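Hi everyone, thanks for coming. Today I'd like to walk you through how two chains meet.

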Amino acid sequence: MNEEYDVIVLGTGLTECILSGIMSVNGKKVLHMDQNPYYGGESASITPLEDLYKRFKLPGQPPASMGRGRDWNVDLIPKFLMANGQLVKMLLYTEVTRYMDFKVIEGSFVYKGGKIYKVPSTEAEALASSLMGLFEKRRFRKFLVYVANFDEKDPRTFEGVDPKKTSMRELYKKFDLGQDVIDFTGHSLALYRTDDYLDQPCCDTINRIKLYSESLARYGKSPYLYPLYGLGELPQGFARLSAIYGGTYMLNKPIEEIIVQNGKVVGVKSEGEIARCKQLICDPSYVKDRVEKVGQVIRVICILSHPIKNTNDANSCQIIIPQNQVNRKSDIYVCMISFAHNVAAQGKYIAIVSTTVETKEPEKEIRPALELLEPIEQKFVSISDLFVPKDLGTESQIFISRAYDATTHFETTCDDIKDIYKRMTGSEFDFEEMKRKKNDIYGED
Amino acid sequence: MALRELKVCLLGDTGVGKSSIVWRFVEDSFDPNINPTIGTKLFVKILPLSATFNSLSCSFSTGQVRASFMTKTVQYQNELHKFLIWDTAGQERFRALAPMYYRGSAAAIIVYDITKEETFSTLKNWVRELRQHGPPSIVVAIAGNKCDLTDVREVMERDAKDYADSIHAIFVETSAKNAININELFIEISRRIPSTDANPPSGGKGFKLRRQPSEPKRSCC
């Protein structure tokens, strides 16, 4: 008889590896395979640098000025972790954090009138900032106090606002906030990429601002964290968790067929053999006929030999270019990290520009961001389709992750994980479910 | 006395006794079926690299947990060396060890079984893998395990020693079962580790994530 698994996972992106870890910890028999010879799928960090040149079909070898190829670990998708966000919670509950070291991103900046300004990270910085006028600052402060005290579960903190009905536009009005403050709050703190949120109920926005300020309060400087050696460490860490709890790992495994009987998945065929399963988790690249395209994201990886101008020589930072500053519908993000994170050769910086594609000339759209980075030593441009599953997998028991979107953190990725978990198990996701059930460490502490 | 934390990663084919060597070193014990809670049943049967889905059935049953991490502190001259030993968690079986596994290792112990020629011939692949993913100045040790089983020996000590010398690696034949050369292996690793960090990471150190002080404390291991 062929071997039977509870769950087969295809692709070792972050979503797949976290789900694989949760399933193994909870006693499911998991087989996890990837058609690539490396971990991470779309959320891999590419190393050595030669492989990045090959991947983007650049002719020849990296020049000698790029240093040693294996000193590079270049993310394909730029994201940071919110210090108080869901991914950090998952890392702590699973103790995967043990395998990794982090650094705080040194600063967050926002683009206004062609210049960049630091997003204040302390009250003193806020008072000194030229982002808004003095009277606005006072009203803004009152608003932030309201947000800090707001508790979704305690109506006494609502002050007459119905979080599920009052729109964010109305809430801004209540605090008499001007356009500059509104732009700043929505895009630099709540991290919305468009202005669609203004007419939605204000609860989500308030919680986003809370997440930002609580994350900022953890380490100062910025609300963002980044793992040494690149984001590709994250899926590897969760894959290790899954393996410790019995998960079987295979890379470089061509997937020939996903076998479906009577509308339901029964197994996966690879190299002429069949492994049976009850449920299947995979990324969109394994099931092209079961996903649909909902948009495109342009990402440009830029290698620099200098820190970005006007960032106080930060070795890492984020820059948000709000949509209305450049006549767009969605914001442009720049995420920069450097040799300080063991992702680049000594003295080198990696800035990744990304945004949702809005026109037929996406490279033109991101020009304002590239201008902030000049001179750029090498560019790697990619335009990726945003795929989402066509159905919820209820019937087929095939659960497909969503492609990584243009957001600057992992909150939407975690929402997707929680959602898939619920669809697979029928119960609400609970972080407690991720805790290691048995000791796997021996010797003295 | 200065305390240095030294990460050590284990390499070698499934079933050669990687976990048993560490188990002997850390706990000074040996169990032919080792404690099933650490899933060492896993190591009993050797699978060829071309193992099929079908032959996986000898693996690990669900609910078991693999030992992933073992520690032991020993004194070496005027330093304390705390060995943080990472086990493969079974990811070596289909050559799916992640680069993370090798990262920051001060030493690697590559184990083969003196009674199984093929575990010695794959040694070169593990060395290549280590050169590709491991830190450049990593101390390499080769351990020919199960040296108590001399009557079924397939690998000559001389051949293994010559190979180890050719790649400047430490070489010992060990028996986790009879506690032969296990401590010696780690003492030799201590001796070969440069006294100061020769290759500090260029970007400096990061930190480990911790829970907020306000959150309830959990027993951590």
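I'll go from the whole interface down to single residues.

First, some housekeeping: this is a predicted model, in which local features need pLDDT of at least 70, side-chain atom pairs count only at pLDDT 80 or more, and totals for chains, interfaces and linings use all residues. Residues are numbered from 1 along each chain as its sequence is written, chains are lettered from A and ligands numbered from 1 in the order in which they are written, and side-chain values use heavy atoms, with hydrogens and water left out.

So, how many residues are in contact between chain A and chain B? On chain A there are 64, facing 58 of chain B; contact here means heavy atoms within 4.5 Å. The two chains bury about 5300 Å² between them, with 53% of it on carbon and sulfur atoms. Buried area is the accessible area (1.4 Å probe) that two parts lose on being put together, summed over both.

Now the salt bridges, meaning a side-chain nitrogen of Lys or Arg within 4 Å of a carboxyl oxygen of Asp or Glu. Between chain A and chain B the count is 2. In one salt bridge, B:Arg103 pairs with A:Glu233, and their closest N and O atoms are 2.6 Å apart.

Finally, look at the strands, which are DSSP runs (E, at least two residues) numbered from the N terminus. Strand 20 of chain A runs parallel to strand 2 (residues 69-76) of chain B, joined by 3 bridges; strands pair if DSSP finds at least two bridges between them. There, A:Tyr442 has B:Met70 as its bridge partner.

Definitions and conventions
Helices (H or I, at least four residues) and strands (E, at least two) are DSSP runs, numbered from the N terminus.
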